Amino acid sequence: MTIRSNHYEAAFEAYLRNLQVPYVAVDESRRSIAADGTIKNVDFIVSPSGSEMSWLVDVKGRQFPSGRKNRYWKNWATIDDLQAMAQWELLFGPQFRGLFVFAYCVTGDMAPLPQNLLFPFRGEVYAFVGVRIDLYAAWARRISPKWRTIAMPTTAFRQLAQPLKLFLETPVVSGGDFDRRRATEMAPAF
């Protein structure tokens with residue numbers, strides 16, 4: 001089950017329920033056992049109706065803007081996050097694709113999405129933006145070697161990330177070059 005105290009994940013789950021999108025909330029209390037150790041769990045498995053594919057979702061909660069300097073479009077993740085998502089894609093097969101969902105809690109006057117795509121939840125307003133992990137991996141750059149964090153350049157992120165609603169309402173057919181890639185080809189060389 002999701003971490004109910006994490007307001008970003010709780011808002012994301014409420015959003016899925018509101019849109020009546022089928023999903024499974026994954027138990028995050030323990031890492032899963034894999035052949036060569038453990039693997040970080042995904043947060044949700046989301047299966048939009050009418051789609052041949054399901055999304056393996058890792059929710060990344062961020063404020064919009066964030067920090068003392070009001071920075072926008074923060075999209076950092078860890079190398080472990082990215083490698084785990086690539087492993088899950090490989091384990092689940094071609095009908096599942098990894099998706100980072102940046103759940104932005106809008107704290108200022110500007111929002112990352114138009115008003116009609118914002119989601120009010122428990123007195124806050126959220127914007128859900130998704131980016132496929134293959135695109136994230138291709139563009140990610142190291143931020144901190146110590147913390148093993150990476151991020152996409154803001155310009156690339158704004159071009160490649162899309163409102164989550166598009167991922168949920170657009171039927172996706174599995175197949176093509178994306179599905180023939182191996183996790184080792186997608187994993188960043190950090």
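1. The protein chain holds seven helices and 12 strands, where helices (H or I, at least four residues) and strands (E, at least two) are DSSP runs numbered from the N terminus. This is a predicted model, in which local features need pLDDT of at least 70 and side-chain atom pairs count only at pLDDT 80 or more, while totals for chains, interfaces and linings use all residues. Residues are numbered from 1 along each chain as its sequence is written, and side-chain values use heavy atoms, with hydrogens and water left out.

2. On burial and surface, 48% of the 190 residues of the protein chain count as buried; buried means under 20% relative accessible area, exposed over 50%, and partly exposed in between, with a 1.4 Å probe and protein chains only. The accessible surface of the chain comes to about 10200 Å², and 51% of this belongs to carbon and sulfur atoms, the areas coming from the Shrake-Rupley method with a 1.4 Å probe, where for residues only the protein chains shown count as cover.

3. Turning to contacts (heavy atoms within 4.5 Å), if one takes those in the protein chain between residues at least 6 apart in sequence, 67% join residues at least 24 apart.

4. The whole structure contains 23 aromatic pairs, where rings of Phe, Tyr and Trp (its six-membered ring) pair if their centres lie within 6.5 Å, and planes under 30 degrees apart count as stacked, over 60 as edge-to-face and the rest as tilted. Phe-64 and Tyr-72 form an edge-to-face pair, with 5.0 Å centre to centre and 65° between the planes; Phe-64 is buried, at 1% relative accessibility, whereas Tyr-72 is partly exposed, at 31%. The rings of Phe-92 and Phe-96 have centres 4.7 Å apart and planes at 50°, so this pair is tilted, and Phe-92 is partly exposed, with a relative accessible area of 32%.

5. One aromatic cluster has among its members Tyr-8, Phe-12, Phe-44 and Phe-128. Elsewhere, Arg-62 lies over the face of Trp-76, at 3.8 Å from the ring centre; a charge sits over a ring if NZ of Lys or CZ of Arg is within 6 Å of the ring centre and within 35 degrees of the ring normal.

6. Finally, three strands form an open sheet with antiparallel pairing, in the order 6-11-10, where two strands pair if DSSP finds at least two bridges between them. Strand 6 (77-78) and strand 10 (141-144) are the edge strands, each pairing on one side only. Strand 10 runs antiparallel to strand 11 (residues 149-151) and is joined to it by three bridges, and Arg-142 stands opposite Ile-150 in strand 11.
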